[in-house]
Amino acid sequence: MKSLSVLELSKLYNINRQTIYNQINKGILSKNSDNKIDFSEAIRVFGEPARKQDVKEPVKIDSPTSAEVLLLRQQIDMLKNQVSDAKDREAFYQEQIEVMQRLLEAPKPHVTTPVDPEPTQSKPETEEKEEVITIPPKEPEVIENKRILVPEHVQPEPEKRGFWSRFFRPYD
């Protein structure tokens, strides 16, 4: 029978060398006098070695109709729809903002600018003058004091009594 070294056996079975040494130390696997392991002994302990697949076999490539690709395409379509909906919403809100801005641009009341007695040329031309908006003062509203008439036949309320007076003098 064929004899294999520990390194050859580890490559053949694709296992660690330490595993083989552990099997030898436990007495499960035995060595020959030349420190090699008999192939039949290795088959008894580890079983038949797995055959390596030939690289020459054609590699399967997922076809475009696979479930994953279909799922991804559906997700892409869904995302495209969401983007188009978002663009529509954005356009609608932009129109709403423009309408609101037009409504806010109502005619302004008298706008007066402050009159400078001396023109200053040290200021750069890029600065803008502040606009002062003057609002005419409101006329004070006249509030008439209206008296509430109390009928004379109504008796005034009796004086409030404390807790102890109610307890000791209940009929006063």
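Predicted model: local features only at pLDDT ≥ 70, side-chain atom pairs only at ≥ 80, totals over all residues.

The buried residues of helix 2 pack against helix 1, strand 2 (37–38) and helix 3 (39–46), where buried means under 20% relative accessible area, exposed over 50%, and partly exposed in between, with a 1.4 Å probe and protein chains only. Helices here are DSSP runs of H or I of at least four residues, strands are runs of E of at least two, and both are numbered from the N terminus; contact means heavy atoms within 4.5 Å.

Residues are numbered from 1 along each chain as its sequence is written, and side-chain values use heavy atoms, with hydrogens and water left out.

Which residues of helix 2 are buried? They are Ile20, Gln23 and Ile24, and, seen down the axis of helix 2, they fall within an arc of 100°, so they line one face of the helix; the arc is that of the directions from the helix axis to the C-beta atoms. On the face of helix 2 turned away from this buried side sit the exposed residues Asn25 and Lys26. Helix 2 is then followed by Gly27, whose phi is positive, near 90°.

Let me turn to helix 1, where Val6, Leu9, Ser10 and Tyr13 are buried. These residues cover an arc of only 100° around the axis, which puts them on the same side of helix 1. Their packing partners are strand 1 (3–4), helix 2, strand 2 and helix 3.

Ser10 deserves a moment of its own: at 8% relative accessibility, Ser10 counts as buried, and its side chain reaches the backbone oxygen of Leu7 at 2.8 Å. That is a polar contact, meaning a pair of N or O atoms within 3.5 Å, where within protein one must be able to donate a hydrogen and the other to accept it, and residues adjacent in sequence count only if both atoms are side-chain atoms. Not counting residues up to four places away in sequence, Ser10 touches Ile15, Asn16, Arg17 and Ile20.

Just after helix 1, Asn14 takes a positive phi of about 60°, although Asn14 is not a glycine. Asn14 lies in the loop between helix 1 and helix 2 and, at 70% relative accessibility, counts as exposed. Asn35 likewise has a positive phi, near 60°, in a residue other than glycine; its place is in the loop between helix 2 and strand 2, and at 52% relative accessibility Asn35 counts as exposed.

Now to the core. In soluble globular proteins, nonpolar side chains tend to be buried together. Here the largest nonpolar core has nine residues in all, namely Leu4, Val6, Leu9, Tyr13, Ile20, Ile24, Leu29, Ile37 and Ala42; by nonpolar core I mean a set of buried Ala, Val, Leu, Ile, Met, Phe, Trp, Tyr and Cys residues joined through side-chain atoms within 4.5 Å. Helix 1 (6–13) and helix 2 (17–26) each supply at least two residues of this core, and helix 1 gives the most, with three residues.

Leaving aside neighbours within four places in sequence, Leu29 is in contact with Leu9, Ile20, Gln23, Ile24, Ile37, Glu41, Ala42, Val45 and Phe46.

Finally, the whole chain: the protein chain has five helices and four strands, and its elements run β-α-α-β-α-α-β-β-α from the N terminus on. Buried residues make up 9% of its 172 residues. UniProt, in an unreviewed entry, places the feature "coiled-coil region" at residues 69–96; UniProt positions are given in the numbering used here, feature names are shortened, and annotations may be inferred rather than shown by experiment. In the model, residues 69–96 are 100% helix and 0% strand, with the end C-alpha atoms 41 Å apart.
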